[in-house]
There are 2 protein chains.
Amino acid sequence: LTKYRNKLQIVAEILEIVRDGARKTHIMYKCNLSYKLLKQYLKDVLRAELVYEDKDGNRYTITRKGEVFLSKFENYVERSEKVNRQVDKVNIERALLEGMVSGSRSLHSSESL
Amino acid sequence: LTKYRNKLQIVAEILEIVRDGARKTHIMYKCNLSYKLLKQYLKDVLRAELVYEDKDGNRYTITRKGEVFLSKFENYVERSEKVNRQVDKVNIERALLEGMVSGSRSLHSSESL
């Protein structure tokens, strides 16, 4: 996962906030989003049925489908971080092998693998 | 791992061939390398002490360090393939989450995850 938030992360944050229902201003404040971006995201999550709004359109609450999304997203983040750590390890192994071929000093550190 | 052979793969192939000693022409034939490339690779593996040559410079044999390289390389290939499969799975999970947000039909296939 990158340092800036991507769309999936922002959607997940919104869903977390509306778990027990929340007003637009509260979501905007908690998510640190401009009003323009917030409106776009709310439109998206409403259309995707991850969130529903009450009759006066002031309060937003997560749907069952939103809960499923959040649960899948948490799994995804966990697996993604695990896989990224494994990719790093494999890249280190590769660098050590390249060091063994080029005969560089990095050979010594490869002994510890 | 990509379809074309990279330097590490070619070095590993050479080391496999010289496990019980082999002549230059045999290595060239088995590795499917041009004579020019073969000479470069032999120079590299000799300098890196992965292979030694007999007195008349005709026969090449793997060294102890070469054996260590091969063993590490096999581990690396195995882990690399495993990690690549995990990266694919994580990317599929991500695509399914994106499908849930965009409200596309791909939502249904996400139920099986």
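In the predicted model, Lys7(B) is partly exposed, its relative accessible area being 40%. The side chain of Lys7(B) forms a salt bridge with Asp44(B), and the closest N and O atoms of the two residues are 3.1 Å apart. Because Lys7(B) belongs to helix 1 (residues 7-17) of chain B and Asp44(B) to helix 3 (residues 35-47) of chain B, the pair ties together parts that are 37 residues apart in sequence. Asp44(B) has a relative accessibility of 6% and therefore counts as buried, the limit being under 20%.

In chain A, salt bridges link Lys7(A), Asp44(A) and Arg47(A) into a network. Asp44(A) lies in helix 3 of chain A and is buried, with a relative accessible area of 7%. When residues up to four places away in sequence are not counted, Asp44(A) touches Lys7(A) and Val101(B). Glu16(A) and Arg19(A) form another salt bridge, in which the closest N and O atoms are 3.1 Å apart. Glu16(A) is partly exposed, with a relative accessible area of 36%, and the value for Arg19(A), likewise partly exposed, is 36%. In general, side chains of opposite charge can pair when their charged atoms come close. Over all chains, the count comes to 14 salt bridges.

Between chain A and chain B, the count is two salt bridges. One pairing across the two chains is that of Arg79(A) with Glu93(B), whose closest N and O atoms are 3.0 Å apart. Four residue pairs are in polar contact between chain A and chain B, with both residues of each pair at pLDDT 80 or more. Several helices of chain A take part in the side that touches chain B: helix 1 (7-17), helix 3 (35-47), helix 4 (64-102) and helix 5 (106-110) each supply at least two residues. The largest share comes from helix 4 of chain A, with 21 residues. Sorted by class, this side of chain A has 16 nonpolar, seven polar and 10 charged residues.

The extent of the interface can be stated both in residues and in area. In terms of residues, 33 of chain A are in contact with 33 of chain B. In terms of area, the two chains bury about 3,000 Å² between them, and 67% of this area is on carbon and sulfur atoms. Leu97(A), Met100(A) and Val101(A) together supply 22% of the area that chain A buries against chain B, more than any other three residues.

Aromatic side chains were examined next. A pair of aromatic rings is described by the distance of the centres and the angle of the planes. Four aromatic pairs are counted over all chains. Phe69(A) and Phe73(A) form a stacked pair, with 6.1 Å from centre to centre and 5° between the planes. The pair counts as stacked because its planes are under 30 degrees apart. These two residues are four residues apart in helix 4 of chain A, so about one helical turn separates Phe69(A) from Phe73(A). Phe69(A) is buried, with a relative accessible area of 0%, and Phe73(A) also counts as buried, at 9% relative accessibility.

In chain B, Phe73(B) and Tyr76(B) form a tilted pair, with 6.1 Å from centre to centre and 40° between the planes. Phe73(B) and Tyr76(B) both belong to helix 4 (residues 64-102) of chain B, where they are three residues apart, about one turn of the helix. Both of these residues, Phe73(B) and Tyr76(B), are buried. In chain A, ring pairs link Phe69(A), Phe73(A) and Tyr76(A) into a cluster.

Terms used:
Residues are numbered from 1 along each chain as its sequence is written. Chains are lettered from A and ligands numbered from 1 in the order in which they are written. This is a predicted model: local features need pLDDT of at least 70, side-chain atom pairs count only at pLDDT 80 or more; totals for chains, interfaces and linings use all residues. Side-chain values use heavy atoms; hydrogens and water are left out. Contact means heavy atoms within 4.5 Å. Buried area is the accessible area (1.4 Å probe) that two parts lose on being put together, summed over both. A salt bridge is a side-chain nitrogen of Lys or Arg within 4 Å of a carboxyl oxygen of Asp or Glu. A polar contact is a pair of N or O atoms within 3.5 Å; within protein, one must be able to donate a hydrogen and the other to accept it, and residues adjacent in sequence count only if both atoms are side-chain atoms. Ala, Val, Leu, Ile, Met, Phe, Trp, Tyr, Cys and Pro count as nonpolar, Asp, Glu, Lys and Arg as charged, and the others, Gly among them, as polar. Rings of Phe, Tyr and Trp (its six-membered ring) pair if their centres lie within 6.5 Å; planes under 30 degrees apart count as stacked, over 60 as edge-to-face and the rest as tilted. Buried means under 20% relative accessible area, exposed over 50%, partly exposed in between (1.4 Å probe, protein chains only).
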